[in-house]
Amino acid sequence: MTDLSDHLDSSEIRCKDGCGRASMSPEFLDLFEIMRKMIADFYGYQRPIICTSVDPKRNGGNRCPARNKFAGGARRSEHMNMPGTCLDVFVAGMSTRELAWWARAAGFTAIGIYTHNIHMGLKGSKKHMVQWGPLRGQYQKPIRRHRKGV
Ligand SMILES: [Zn+2]
């Protein structure tokens, strides 16, 4: 069982310096679950959205100010919000351009697109998306590939 929502556990997003910070806002969790369901419905199977914090060296979940500084995060990084309003994530085998498309479709309004992960959060608004990263703005609509006979 996961303790934050149906598919997200506090252990996945907990601040890495041992301070115990591990919370996500209800609004974030709603969009996270919506996004996961949209992807599962489209592909016909579950594709977990994984926080980059699975890597012990990454800090893609909650960060206290000390950890944010350690991680070299932006001075006002969304990762310091309490409760959390953003995560750095990836989906195995999916391009970050496509993942960003899903994040935007689900309703996230702050999106950073990098080569191996995206940042998705609630900064900004539908009208004024906050976007950054080397691939900012490069959304790619998913293409369903039908196998012969399926
Ligand atoms: Zn901390």
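This is a predicted model: local features need pLDDT of at least 70, side-chain atom pairs count only at pLDDT 80 or more; totals for chains, interfaces and linings use all residues.
Trainee: In which sense do β3 and β4 pair, parallel or antiparallel?
Mentor: Two strands pair if DSSP finds at least two bridges between them. A hairpin of 4 residues links β3 to β4. There are 4 bridges between β3 and β4, and the sense is antiparallel.

Trainee: Which residue in β4 is the bridge partner of Val89?
Mentor: Start with strand β2, residues 86-90, which runs antiparallel to β4, residues 118-121, with 4 bridges. Val89 has as its partner in β4 Ile118.

Trainee: Which residue in β5 stands opposite Gly112?
Mentor: Look at the pairing first. β3 and β5 are joined by 3 bridges, in the parallel sense. Gly112 faces a residue of β5, namely Trp132.

Trainee: What is the order of the strands in the open sheet?
Mentor: Strands of a sheet pair through backbone hydrogen bonds, either parallel or antiparallel. Here the pairing is mixed, and the sheet has 5 strands. Their order is β1-β2-β4-β3-β5.

Trainee: Which strands stand at the edges of the sheet?
Mentor: An edge strand here has a single partner, so one of its sides is left without a neighbour in the sheet. The two strands placed like this are residues 50-51 and residues 130-132. They are β1 and β5.

Trainee: Which residues of β4 are buried on its two sides?
Mentor: A residue is buried with 20 or more other C-beta atoms within 10 Å of its own, exposed with 12 or fewer, and partly exposed in between; C-beta atoms are placed from the backbone. In a regular strand the side chains alternate between the two faces of the sheet. Both faces of β4 are covered. One side holds Ile118 and Met120, and the other holds His119 and Gly121.

Trainee: Which residues touch the most other members of the largest nonpolar core?
Mentor: A nonpolar core is a set of buried Ala, Val, Leu, Ile, Met, Phe, Trp, Tyr and Cys residues joined through C-beta atoms within 7 Å. The largest has 26 residues, and those touching the most other members are Ala103, Ile118 and Met120. At least two residues of this core come from each of α2 (26-43), β2, α4, β3 and β4.

Trainee: At what angle do α2 and α4 pack?
Mentor: Axes are lines fitted to C-alpha atoms, for helices over the stretch in contact, and angles run from 0 to 180 degrees between N-to-C directions. For α2 and α4 the axes are 9 Å apart, at an angle of about 125°.

Trainee: Are α2 and α4 parallel or oblique to each other?
Mentor: Angles under 35 degrees count as roughly parallel, over 145 as roughly antiparallel, 65 to 115 as roughly perpendicular and the rest as oblique. α2 and α4 are therefore oblique.

Trainee: What does the buried part of α4 pack against?
Mentor: Contact means C-beta atoms, placed from the backbone, within 7 Å. The buried residues of α4 include Leu99, Trp101 and Ala103. They pack against α2, β2, β3 and β4.

Trainee: How many C-beta neighbours does Arg63 have inside 10 Å?
Mentor: Arg63 sits in the loop between β1 and α3 (65-71). Among the residues Arg63 touches are Cys15, Ser77 and His79. Arg63 counts as buried because its C-beta neighbours inside 10 Å number 26.

Trainee: What is the omega of the peptide bond from Met82 to Pro83?
Mentor: Most residues other than glycine have a negative phi, and most peptide bonds are trans. Pro83 lies in the loop between α3 and β2. The bond from Met82 to Pro83 is cis, with omega near -5°.

How values were computed: Residues are numbered from 1 along each chain as its sequence is written. Two residues are in contact if their C-beta atoms, placed from the backbone, lie within 7 Å. Lists of a residue's contacts leave out its neighbours within four places in sequence.
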